[in-house]
Amino acid sequence: MKKHIQKVRGVELIYLKSNPPQLSITAAGRVISGGWTDGTLEPRFYATPPQDGFQEYDFIAQPPFKTTTSISRPITAHTRIKKIPSWLNGVRVYSETNYSEALLNNTINPINSIDIDTDTDTDT
């Protein structure tokens, strides 16, 4: 069973120019030992949009069956919002001991934008 990672160290948002626009989310953190795998950002779901406009995620991963080292190790997770809701102000990612957040208004600019090809048709 997946568990929260020990600590989230940062969140990066990248606006993807596509139709419709998408948002790439990458979180970096630390786990308490080697052997952790499958870092995942699990979204929290809401009956109504959150008042602060932050989509929240839990940063979880698969712990090792048997701990191999007790040295803290880095881990990353990635997800994408394929349809950006109008209420979205930012993203907040939770670990076992802390959280980190990134604001959307600091993301949507030419420096942080990447064109992606959403056309899956190919010419033969």
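Which residues of the largest nonpolar core touch the most other members?

**View 1. The largest nonpolar core of this predicted model.** The core holds 21 residues. Leu23, Ile25, Leu41, Phe59, Val91 and Val93 touch the most other members. Five strands each supply at least two residues: β2 (7–17), β3 (22–31), β5 (54–62), β6 (73–81) and β7 (90–94). The largest share, 4 residues, comes from β3. In soluble globular proteins, nonpolar side chains tend to be buried together.

**View 2. The surroundings of Val91.** Residues up to four places away in sequence are not counted here.

**View 3. The aromatic pair of Tyr94 and Tyr99.** The count comes to 1 aromatic pair. The ring centres of Tyr94 and Tyr99 lie 5.5 Å apart. Tyr99 has a relative accessible area of 48%, so it is partly exposed. Arg44 lies over the face of Tyr94, at 4.2 Å from the ring centre.

**View 4. Arg92 over the ring of Phe54.** The charged end of Arg92 sits 4.3 Å from the centre of this ring.

**View 5. Confidence along the chain, with residues 108–124.** The mean pLDDT of the protein is 85. Of its residues, 84% reach 70 or more. Over residues 108–124 the pLDDT is below 50. Beyond near neighbours in sequence, this stretch has 20 contacts in the model.

How values were computed: Residues are numbered from 1 along each chain as its sequence is written. This is a predicted model: local features need pLDDT of at least 70, side-chain atom pairs count only at pLDDT 80 or more; totals for chains, interfaces and linings use all residues. Side-chain values use heavy atoms; hydrogens and water are left out. pLDDT is the predictor's confidence in each residue, from 0 to 100. Contact means heavy atoms within 4.5 Å. Rings of Phe, Tyr and Trp (its six-membered ring) pair if their centres lie within 6.5 Å; planes under 30 degrees apart count as stacked, over 60 as edge-to-face and the rest as tilted. Buried means under 20% relative accessible area, exposed over 50%, partly exposed in between (1.4 Å probe, protein chains only). A charge sits over a ring if NZ of Lys or CZ of Arg is within 6 Å of the ring centre and within 35 degrees of the ring normal. A nonpolar core is a set of buried Ala, Val, Leu, Ile, Met, Phe, Trp, Tyr and Cys residues joined through side-chain atoms within 4.5 Å.
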